[in-house]
Amino acid sequence: MGKTVLITGASGGIGSACARAFAKDGWQTALHFGKNEVSARALREELRGMGCDAELFSADAACPAQVNACVDAVLARFGRIDALVCCAGVAQQKLFTDLTDEDWRRMLDADLGGVFAFDRAVLPGMLRRGAGAIVNLSSVWGVCGASCEVHYSAAKAGVIGLSRALAKEVGPAGVRVNCVAPGVIDTPMCACFTRDTMAALAEETPLGRIGRPEDVAEAVLFLCSERAAFITGQTLGVDGGFGL
């Protein structure tokens, strides 16, 4: 039996790129989605066309009960989860003084609470086997902070803190936990930016371009592989130097 990866937010730009990377590497792939079922189904068929054993699973990442049911369904289908990649999340640009209580709760629940819920749900099986890899997606803004994205930056910083602490806790049991912090990546999340803004962001990036989802996916695949067997508790910036 091949190894199984559960990818949350698999219908998104980075999530789908991760799914393709794992499929090409021979992993069985559990594709979680929240609302975008059409894109998720198309991705599943694409992966199956590549010879990958892929299946869809739905849950609101901000609802722990749904997350637990989702993970149970993945285990019933595949038998085990060798790696978890948490990509699910939301973004919003808004002045701090305009943020509502609902904006704050929604962001923390989706971008930090979802990571907490999925990490917690998959860990018992990994701990029993004494092996497993978790990669949680943060952001360069979780490292540096971003104007007009205070709640997003706070949630993504929380993901880094959660991952570092969890790596210390579960490392003795053979489970590794790392973060990837993407910079400006060409995904639908950047659709709110104008062409001029994207060009300016590329100019601010030392490598001189906007990142591709595949750039992030290759880093995630590496951290879940045996090539990263002695790496845990780290935050890998995939940002072209933007966060320097």
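Analyst: Three aromatic pairs are found when the whole structure is searched. One of them joins Trp141 and Phe242 in an edge-to-face arrangement, with 5.5 Å from centre to centre and 85 degrees between the planes. The partners belong to distant parts of the chain, 101 residues apart: Trp141 is in helix 5 (residues 140–144), and Phe242 is in the segment that follows strand 7 (235–238). Rings of Phe, Tyr and Trp (its six-membered ring) pair if their centres lie within 6.5 Å, and planes over 60 degrees apart count as edge-to-face, under 30 as stacked and the rest as tilted. Helices (H or I, at least four residues) and strands (E, at least two) are DSSP runs numbered from the N terminus.

The model is a predicted one, in which local features need pLDDT of at least 70 and side-chain atom pairs 80 or more, while totals for chains, interfaces and linings use all residues. Residues are numbered from 1 along each chain as its sequence is written, and side-chain values use heavy atoms, leaving out hydrogens and water.

Buried means under 20%, exposed over 50% and partly exposed in between (1.4 Å probe, protein chains only).

In the loop between helix 5 and helix 6 (150–170) lies Cys148. Its phi is near 70 degrees, a positive value in a residue other than glycine. Most residues other than glycine have a negative phi. Cys148 is partly exposed, with a relative accessible area of 29%.

Another part concerns helix 1 (residues 13–24) and helix 2, which pack at an angle of about 15 degrees with their axes 10 Å apart. Helix 1 is therefore roughly parallel to helix 2, a description for angles under 35 degrees. Ser16, Ala19, Arg20 and Ala23 of helix 1 make the contact with Leu43, Glu46 and Leu47 of helix 2; contact means heavy atoms within 4.5 Å. The axes are lines fitted to C-alpha atoms over the stretch in contact, with angles from 0 to 180 degrees between N-to-C directions.

Helix 2 (residues 37–49) also holds Arg44. This residue is buried, because its relative accessible area is 13%. Leaving aside residues up to four places away in sequence, Arg44 touches Leu31, Ala54, Glu55 and Leu56.

How values were computed
Angles under 35 degrees count as roughly parallel, over 145 as roughly antiparallel, 65 to 115 as roughly perpendicular and the rest as oblique.
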